[in-house]
Amino acid sequence: MIERVRPAGGQEVAGTEAPGYRVSWSHSPVVPTREQLAELQELADRTIEISFAGTGVTDELITALPKLPALKRAHLERTQLTDAGVAALIERAPALTYLNVHSTAVSANLAEVLEPLKNLQQLVAFHTGASRDTDLSPF
């Protein structure tokens with residue numbers, strides 16, 4: 001399976017936690033397709049990190065992700081994602097502990113969008129609508 005995901009940015013990693021997959025399209029000039037995101041279904045229980053940083057990923061494309069119950073880290077920085085895209089990711093990955101949305105189009109309503117994330121430990125949200133006059137103190 002990893003052979004099919006590797007050309008689209010997938011790589012296997014091992015660390016102090018159980019081995020898993022980090023899938024990254026960061027800074028790639030190629031935006032993943034709905035089909036490539038659907039390929040992650042076979043790795044869903046072992047995908048621990050995903051990155052779309054600096055890509056043209058959209059809210060609509062995020063809805064193509066399968067459920068990712070093992071996902072702990074998501075890098076969405078420097079994309080055009082809005083609250084809707086973040087909410088779509090949260091629906092698919094409710095175990096997130098780290099979320100980076102800096103320099104995105106998220107709004108001052110981000111705290112409400114994040115409420116379902118009971119395990120969120122770190123949020124990076126500078127240069128967003130959420131970082132201006134918004135209380136994000138729980139994060």
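This note concerns the salt bridges of the predicted model shown above.

1. Basis. In this predicted model, local features need pLDDT of at least 70 and side-chain atom pairs count only at pLDDT 80 or more, while totals for chains, interfaces and linings use all residues. Residues are numbered from 1 along each chain as its sequence is written, and side-chain values use heavy atoms, with hydrogens and water left out.

2. Overall count. The structure contains four salt bridges, each defined as a side-chain nitrogen of Lys or Arg within 4 Å of a carboxyl oxygen of Asp or Glu.

3. Glu49 and Arg22. The closest N and O atoms of this salt bridge are 2.8 Å apart. Glu49 belongs to strand S3 (residues 47-51) and Arg22 to strand S2 (residues 20-24), so the pair ties together parts 27 residues apart in sequence. Strands (E, at least two residues) and helices (H or I, at least four) are DSSP runs, numbered from the N terminus. Glu49 is buried at 13% relative accessible area, whereas Arg22 is partly exposed at 35%. Here buried means under 20% relative accessible area, exposed over 50%, and partly exposed in between (1.4 Å probe, protein chains only).

4. Network. Arg22 and Glu49 also belong, with Arg73, to a network of salt bridges.

5. Arg34 and Glu60. These side chains form a salt bridge at 2.6 Å, N to O. The pair links helix H2 (residues 34-39), which holds Arg34, to helix H3 (residues 59-62), which holds Glu60, across 26 residues. Arg34 is partly exposed at 37%, and Glu60 is partly exposed at 46%.

6. Arg92 and Glu91. This salt bridge spans 3.6 Å, N to O. Arg92 is buried, at 14% relative accessibility, while Glu91 is exposed, at 54%.
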